[in-house]
Amino acid sequence: MVPAGTRMDSEGYVITTETCETNIPGIYVIGDLRHKYGKQIVIAAGEGATAALAAAHFVNSKKEEGKESD
C-alpha cells in the first residue's frame, strides 16, 4: 500500500506533514498508517478532508506549471 521510499518511523508508521503529505510529492497518507497521537475514526475523517484539500492544491499547482511552460 505504501510506495517504496516513503519515510516511516521505527514503528512502521508513515511520517507526514501537517497536510498529510509524505516525503514523496503527491502521495498523501491518512488514518492508522500515519504517525500521530490519536487513533480514532473521527481523526482519520478529518485527515481525509485535509489530505483532499492538499491534493487538490497539488494538482492545481501542477496544472498552473503546465500552463506557464506553454
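Me: Is Glu-65 buried, partly exposed or exposed?
Reply: Partly exposed, since its relative accessible area is 44%. Keep in mind that this is a predicted model.

Me: What does the Glu-65 side chain meet in a salt bridge?
Reply: The side chain of Lys-62, at 3.6 Å from N to O. That falls inside the cut-off, because a salt bridge needs the nitrogen within 4 Å of a carboxyl oxygen.

Me: And where do Glu-65 and Lys-62 lie?
Reply: Both are in helix H1, 3 residues apart, or about one turn of the helix.

Me: Lys-62, then: buried or exposed, or something in between?
Reply: In between. Lys-62 counts as partly exposed because its relative accessibility is 42%.

Me: How many salt bridges does the structure hold?
Reply: There are 3 salt bridges. One of them joins the side chains of Lys-67 and Glu-64, with 3.6 Å from N to O.

Me: How many residues apart are Lys-67 and Glu-64?
Reply: They sit 3 residues apart in helix H1, so about one helical turn separates them.

Me: OK, what about Glu-47? Which residue does it form a salt bridge with?
Reply: Arg-34, and the closest N and O atoms are 2.7 Å apart. This pair links distant parts of the chain: Glu-47 belongs to helix H1, while Arg-34 is in the segment before H1, 13 residues away.

Me: Are Glu-47 and Arg-34 buried or exposed?
Reply: Glu-47 is buried, at a relative accessible area of 6%. Arg-34 is buried as well, with 12%. Both get that label because buried means under 20% relative accessible area.

Me: Switching topic: which residues form a nonpolar patch on the surface?
Reply: Ile-41, Val-42 and Ile-43 do, and together they have about 310 Å² of accessible area.

Me: Where is Val-42 placed?
Reply: In helix H1, which covers residues 41–69.

Me: Why does Val-42 count as exposed?
Reply: Because its relative accessibility is 60%, and exposed means over 50%.

Terms used: Residues are numbered from 1 along each chain as its sequence is written. This is a predicted model: local features need pLDDT of at least 70, side-chain atom pairs count only at pLDDT 80 or more; totals for chains, interfaces and linings use all residues. Side-chain values use heavy atoms; hydrogens and water are left out. Patches are made of residues with over 30% relative accessible area and no salt bridge: like charges are joined within 9 Å, nonpolar side chains (Val, Leu, Ile, Met, Phe, Trp, Tyr) within 5 Å. Accessible areas come from the Shrake-Rupley method with a 1.4 Å probe; for residues, only the protein chains shown count as cover. Helices (H or I, at least four residues) and strands (E, at least two) are DSSP runs, numbered from the N terminus. Buried means under 20% relative accessible area, exposed over 50%, partly exposed in between (1.4 Å probe, protein chains only).
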